[in-house]
Amino acid sequence: MKNLELMFDGRRITLTNKRINKLDEFVFKVSSLIEKYTEYVIVSGYISILFGRSRGTEDVDFVISSLPLEEFRKLYEDFLNSGFEFINADDPVELFEMLIENQAVRACEIGTIFPNAEIKLPKDRFHLEALKHRIETIINDRRIFISPIELQIAYKLYLGSEKDIEDAIFLYELFRDHISHEKLQYWKTQLGVEEFEL
């Protein structure tokens with residue numbers, strides 16, 4: 001992404017000259033539906049892909065704020081009317097109960113399985129922090145919300161697979177002059193990966 005331009009002021013990331021691909025379009029569609037009904041934050045692998053890391057992914061992780069069943073029903077119907085289907089079940093009450101039980105529900109565009117949106121409620125304080133301090137990200141005049149970069153890097157180190165560590169290193173190299181290194185060290189300590197040198 002030689003022509004990609006990135007600006008980050010600590011609260012907002014602005015990306016310009018990004019070539020929008022099918023995965024990005026999928027994320028824009030899903031996020032625009034979810035944000036009508038509740039707050040969300042995107043976490044995990046898509047974030048590094050968004051900023052230019054060349055690797056595939058089968059799902060995009062959306063952590064959402066809790067919402068009542070009636071609002072979830074509306075969200076469910078909106079997804080169906082927008083050309084999506086849910087993989088886990090086709091009953092909104094059953095899907096809602098899965099969310100409440102800390103299970104993810106998955107949505108994909110009709111006729112496809114991948115990519116799919118993995119939608120879940122916060123399962124730990126790190127998800128809650130990601131939601132509370134989510135970063136507005138403007139991509140060619142479109143908007144999504146992602147996890148704070150410092151938390152994302154530390155969490156990827158914590159997950160520990162080769163792919164996750166490569167994601168963490170990619171994000172660190174890209175944002176090293178923009179992030180708070182104190183916050184990064186804090187999250188590394190909280191997640192027990194403070195010894196990992198980037």
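Two strands pair if DSSP finds at least two bridges between them. Helices (H or I, at least four residues) and strands (E, at least two) are DSSP runs, numbered from the N terminus. The model is predicted: local features need pLDDT of at least 70, side-chain atom pairs count only at pLDDT 80 or more, and totals for chains, interfaces and linings use all residues. Residues are numbered from 1 along each chain as its sequence is written, and side-chain values use heavy atoms, with hydrogens and water left out.

**Exercise 1. Describe the pairing of strand β4 and state how far the strand is enclosed.**

Step 1. Strand β3 runs antiparallel to β4, and four bridges join them. In this pairing, Tyr40 stands opposite Ile64 of β4.

Step 2. With β7, strand β4 pairs in the parallel sense over five bridges. Here Phe62 stands opposite Ile119 of β7.

Step 3. Buried means under 20% relative accessible area, exposed over 50%, and partly exposed in between (1.4 Å probe, protein chains only). Five of the six residues of β4 (residues 59–64) are buried, so the strand is largely enclosed by the rest of the structure.

**Exercise 2. Locate Thr38 and list its contacts.**

Step 1. Thr38 belongs to the loop between α1 (22–34) and β3 (40–43). Its relative accessibility is 11%, so Thr38 counts as buried.

Step 2. A polar contact is a pair of N or O atoms within 3.5 Å; within protein, one must be able to donate a hydrogen and the other to accept it, and residues adjacent in sequence count only if both atoms are side-chain atoms. The Thr38 side chain reaches the backbone oxygen of Ser65 at 3.0 Å.

Step 3. Contact means heavy atoms within 4.5 Å. Leaving aside neighbours within four places in sequence, Thr38 is in contact with Ile64, Ser65, Ser66 and Leu67.

**Exercise 3. Classify the ring pair of Phe8 and Phe175.**

Step 1. Rings of Phe, Tyr and Trp (its six-membered ring) pair if their centres lie within 6.5 Å; planes under 30 degrees apart count as stacked, over 60 as edge-to-face and the rest as tilted. The whole structure holds 13 aromatic pairs.

Step 2. The centres of the Phe8 and Phe175 rings are 5.7 Å apart and the planes stand at 85°, so this pair is edge-to-face.

Step 3. Because Phe8 lies in strand β1 (residues 5–8) and Phe175 in helix α7 (residues 162–175), the pair ties together parts that are 167 residues apart in sequence. Both Phe8 and Phe175 are buried.

Step 4. Another edge-to-face pair is formed by Tyr186 and Trp187, at 4.9 Å centre to centre and 70° between the planes. Tyr186 counts as partly exposed at 41% relative accessibility, whereas Trp187, at 9%, counts as buried.

**Exercise 4. Find the loop positions of Asn102 and Asp141, and state whether each is buried or exposed.**

Step 1. Asn102 is in the loop between α4 (92–100) and β6. This residue is not a glycine, yet has a positive phi of about 65°; with a relative accessible area of 53%, Asn102 is exposed.

Step 2. Asp141 is in the loop between β8 (135–139) and β9 (142–146). Phi of Asp141 is positive, near 75°, in a residue other than glycine; at 77% relative accessibility, Asp141 counts as exposed.
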